[in-house]
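Good morning, everyone, and thank you for letting me take a few minutes of the meeting.

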Amino acid sequence: MTQSIDRRTFLTRSALIGCSLAASPLLTPVSLAAAPGDNRLVVILLRGGMDGLDVVRPYGDPAYAALRGNAGISDPDGAVDLDGYFALHPALRPLLPLWQGGQLGFAHAVSTPYRDKRSHFDGQDLLEAGLSNLEQGMSRDGWLNRVLQYLPDSTAETAYAVGQDPLLVLGGPAKTQRWSPEADLALSPQAIELARLIMADDPPFSAALAQALDISDSDGDRVATMGTPDDMMAMADNTNKKGKKSSTENHIAEFIGKRLRKDTRIAAFSINGWDTHFNQTRTLPNALGRLSDAILTLQSTVAGPVWNKTTVVAVTEFGRTARINGSGGSDHGTGGLMVMAGGALRGGKVMGDWPGLDEAQLYARRDLMPTRDVRAYLGWLLHSQFGLPTSTLETDIFPGLDLGSNPGLIR
Amino acid sequence: MLFAPQLADIRFGCGLSPVHATPSSVAEMLDSLQKPDTIAQRFPIETFETFQMRIAESQRLIKLRRKDRGSPEALASIKERRVLNKQARIAQAGWLGQHLNRWVWTDAPLRERLSHFWADHFTATGKAGLIRRAASPYLESAIRPRITGLFEDMLLATVLHPLMIHYLDQQKSIGPNSPRALKGGKLSGLNENLAREVLELHTLGVNGPYTQTDVRELAELLTGVTNGAPLRLKFRKDFAEPGSETVLDKTYGGGQAHIRDVQAVLRDLARHPATARHLAWKMAVHFVADAPDPALVDALAARYMDTGGDLGAVTAALLEHTAAWDAPRTNVKPPFHFVGSAMRALAVPPEAISSLDERMVRKLLIGPMARMGHVWEKPVGPDGLPEEDAAWIAPQGIAARLQWAISVPQTLMPELPDPRTFVQTALGDFSTPAVDFAANAAESRWDGIGLVLASPAFQRT
């Protein structure tokens with residue numbers, strides 16, 4: 001080993017140094033005590049830094065009103081009281097039935113180990129890498145990819161990165177599948193047959209095309225059209241917009257839901273638009289609407305027994321300042337909020353040690369103080385859903401993490 | 001086998017063209033690199049020096065906003081800055097069009113291939129705000145003029161480029177015992193990012209003969225290298241870690257901190273045999289095959305060492321080697337190459353590309369290329385695009401190529417050629433009976449053209 005630390009071959013290295021060679025999941029088929037079984041996990045990256053203090057409002061904290069004004073729980077269309085201390089942003093009202101059924105939960109005052117610089121770029125990189133710091137440079141494999149390396153019989157179909165954004169969280173040596181609803185094919189029936197023909201003598205092309213046609217066809221709208229190029233372009237546009245701002249996420253969620261009903265166990269996608277520096281009473285509801293649509297679309301698509309095996313987690317790179325800024329928004333902060341949903345979840349709770357909002361209780365006298373590493377919640381979730389041992393989680397999935405006590409997230 | 005005109009354009013050029021003749025010899029190909037870069041003059045892309053003026057203006061407006069928050073001047077400056085950012089975003093879309101116009105109309109296609117290859121080797125981009133638009137100006141100023149020069153000159157021009165310093169966090173790296181660190185404050189200590197990538201990606205390669213200690217020592221040696229306004233290389237003695245540093249058993253510095261020590265270590269790394277092998281291997285993989293003939297790699301590495309890393313000479317060694325021509329066509333065009341060579345085969349008129357507004361550039365080019373797996377000028381990491389072909393032959397990538405090939409050419413060029421003759425234009429001697437059949441059987445011109453372009457015969461090099 002000429003290099004003592006190389007994050008790109010991180011897992012191989014830790015396997016070589018930390019455990020015996022035979023335990024390396026890259027070299028031998030692993031058999032873990034618990035199989036991945038039937039459980040499903042959907043990870044949503046909320047890019048831009050979600051303002052957790054606005055989404056789940058700690059109106060019971062005596063310092064809240066001075067920072068944020070009236071939480072709005074007396075307004076019939078305003079925030080909804082959750083537990084006498086926290087209130088839910090009105091834009092998430094569509095999720096209330098889930099909350100009442102114990103299928104929606106939150107972890108407040110969480111963060112990655114990222115501090116002080118408050119850059120989206122670094123913050124997201126750390127969140128997706130799952131590491132304690134980036135002093136070794138940027139990571140090129142994500143924690144969710146490392147999870148796959150520990151799942152027996154994981155194939156490319158096991159995990160899907162969905163949408164157009166790069167998703168470092170799923171990047172790495174374990175094979176994953178990638179699809180964006182915008183990539184759905186729309187071709188004349190004859191072009192489909194001829195495309196098969198021209199690729200027939202090139203097996204890798206041929207196999208990729210067959211899969212692409214299969215995936216495109218399986219999500220509802222058929223591949224075959226009678227279209228002209230103009231029609232095809234228009235169809236591609238429709239996939240993008242369909243009149244409503246929320247439909248990209250709906251398309252993604254529907255696609256994921258259909259895959260989860262088959263062989264897929266893990267999926268990741270991102271929702272942008274959380275960087276609410278200006279006028280956030282107008283901008284935040286838009287992003288929350290897309291999050292809530294995505295969760296509800298997932299629920300209605302997977303439906304029934306599969307939903308009861310499913311957990312959705314939405315995480316963000318950091319929270320925002322405790323105070324509202326001069327332009328009606330909030331700036332990059334530290335402690336934030338994790339959103340969880342799903343039939344497998346033991347929800348109906350706002351979890352976490354509340355640090356308080358007095359100036360002295362704030363991080364750097366400006367941000368919500370993080371009281372727990374967001375990776376600890378993710379780690380316990382992975383432990384419950386996929387049977388990953390805590391030692392694996394603390395050394396290989398989230399190296400250097402202290403998992404702490406089990407918050408009991410799963411039914 | 002040695003030299004074949006059509007393969008020359010397909011494997012080492014921008015693809016076959018109905019307008020431009022294939023080269024007649026290796027000498028002609030190499031000679032084209034020595035001629036003036038006329039295609040760059042015809043389709044200009046902003047230099048980094050001009051781009052810095054945008055940065056300077058942006059910084060001036062930021063200052064104005066901060067000077068007297070809430071004042072009319074401050075509010076106006078916010079608006080002006082938004083306009084400035086928008087203009088840069090539009091310009092960036094235009095530069096993609098210029099890259100493609102060059103690809104379609106150049107008679108020195110090897111220059112385009114080498115420029116994009118080295119730009120990917122030295123991947124850098126801005127991480128926030130206006131600087132996110134700087135990748136093409138960086139390519140234009142730091143890379144393109146140096147593709148036939150000494151590798152060490154390109155290494156210095158890129159590693160010590162303000163965009164790379166920004167991209168790999170070098171401006172955050174401060175010697176733990178430097179005068180600046182001893183003064184206290186919130187500034188962080190050493191950041192190893194640039195040092196690590198120089199060793200791992202830019203020079204010796206991931207399997208190269210270096211240790212974590214070398215990374216650390218190089219990072220200490222690099223302290224002092226930072227950016228000043230407006231995004232200009234600056235050497236700050238007060239950031240530099242005092243004392244000498246040892247990288248690969250050679251000691252640098254020790255006296256008064258000076259950028260000369262940084263330049264010296266970079267030149268030594270450029271001349272290292274492991275760097276020669278790493279670059280030889282990467283060029284052979286990029287241009288010939290994922291698993292290139294070891295004799296080809298040996299020949300390139302030897303030429304590199306013999307010439308002190310003369311990239312023109314190494315390129316000549318590549319084109320002069322039989323293995324570069326004998327290898328079966330297994331490589332797959334990366335997305336930009338695929339789109340560019342399709343447009344070259346169609347001879348899409350320059351106006352058809354230049355007249356696209358930003359929205360159309362996104363719709364017809366940037367969006368589809370992203371689905372093919374290349375998010376234009378937003379690299380996932382400093383290691384740039386994958387070289388392995390399997391990365392491109394994935395379901396989504398193949399679907400995106402097929403859909404683009406069938407639907408976009410018609411939009412760019414209402415009068416498409418006859419698919420039956422286009423087979424010959426686009427594929428030359430590499431056409432297959434299946435593609436011929438498809439071009440004849442297609443029920444529309446756009447289907448026929450698209451099927452030719454989507455065929456493995458067109459996509460493989």
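This is a predicted model: local features need pLDDT of at least 70, side-chain atom pairs count only at pLDDT 80 or more; totals for chains, interfaces and linings use all residues.

Let us start with the overall make-up of chain A, which has 14 helices and twelve strands. Of the 411 residues in chain A, 53% are buried. If we take the contacts in chain A with a separation of 6 or more, 73% of them are between residues 24 or more positions apart.

Now to the strands, and I would like to begin with β1 of chain A, which covers residues 40-47. How many of the eight residues of β1(A) are buried? The answer is eight of eight, and the strand is accordingly described as mostly covered. In a regular strand, the side chains alternate between the two faces of the sheet. In β1(A), one side carries A:R40, A:V42, A:I44 and A:L46, while the other carries A:L41, A:V43, A:L45 and A:R47, and both faces are covered.

Which strands does β1(A) pair with? One partner is β9 of chain A, residues 310-316, which pairs with β1(A) in the parallel sense over seven bridges, and here A:R40 stands opposite A:T310. Another partner is β8 of chain A, residues 266-272, and this pairing is also parallel, with seven bridges; within it, A:L45 has A:S270 as its bridge partner.

For an antiparallel example, please look at the open sheet of three strands in chain A, whose order is β2-β4-β3. The edge strands are β2 (56-57) and β3 (80-81) of chain A, each of which pairs on one side only. Strand β2(A) is joined to β4 of chain A, residues 87-88, by two bridges, and A:V56 has A:L88 as its bridge partner there.

Let me turn to the helices, with α14 of chain A, residues 390-397, whose buried residues are A:T392, A:L393, A:D396 and A:I397. Why can we say that they lie on the same side of α14(A)? They cover an arc of only 110° around the axis, and therefore they are placed on the same side of that helix.

In helix α13 of chain A, residues 374-386, we find A:R375. Is A:R375 buried or exposed? A:R375 counts as buried because it has 28 C-beta neighbours inside 10 Å, and the cut-off for being buried is 20 or more. Apart from its neighbours within four places in sequence, A:R375 is in contact with A:T112, A:G130, A:F398 and A:L401. As for A:G130, it is 245 residues away from A:R375 in sequence, yet the two C-alpha atoms are 7.2 Å apart.

Moving on to chain B, we have domain 1 (19-145), domain 2 (164-270) and domain 3 (335-459). The centres of domain 2 and domain 3 of chain B, taken over C-alpha atoms, are separated by 43 Å.

The largest nonpolar core has 246 residues, and those with the most contacts inside it are A:M338, B:L300 and B:V452. Beyond its neighbours within four places in sequence, B:V452 touches several residues, including B:P419, B:F422, B:L427 and B:F458.

Finally, we come to the contact between the chains, which takes 46 residues from chain B and 45 residues from chain A. On the side of chain B that touches chain A, the largest share, eleven residues, comes from α21(B). The residues on that side of chain B divide into 26 nonpolar, twelve polar and eight charged.

Helix α21 of chain B also holds B:Q403, which counts as buried because it has 28 C-beta neighbours inside 10 Å. The C-alpha atoms of B:Q403 and B:G450 are separated by 7.9 Å, although the two residues are 47 residues apart along the chain.

Note on methods. Residues are numbered from 1 along each chain as its sequence is written. Chains are lettered from A and ligands numbered from 1 in the order in which they are written. Two residues are in contact if their C-beta atoms, placed from the backbone, lie within 7 Å. Helices (H or I, at least four residues) and strands (E, at least two) are DSSP runs, numbered from the N terminus. Ala, Val, Leu, Ile, Met, Phe, Trp, Tyr, Cys and Pro count as nonpolar, Asp, Glu, Lys and Arg as charged, and the others, Gly among them, as polar. A residue is buried if 20 or more other C-beta atoms lie within 10 Å of its own, exposed if 12 or fewer, and partly exposed in between; C-beta atoms are placed from the backbone. A nonpolar core is a set of buried Ala, Val, Leu, Ile, Met, Phe, Trp, Tyr and Cys residues joined through C-beta atoms within 7 Å. Two strands pair if DSSP finds at least two bridges between them. Domain bounds come from an automatic or database domain assignment. The arc is that of the directions from the helix axis to the C-beta atoms.
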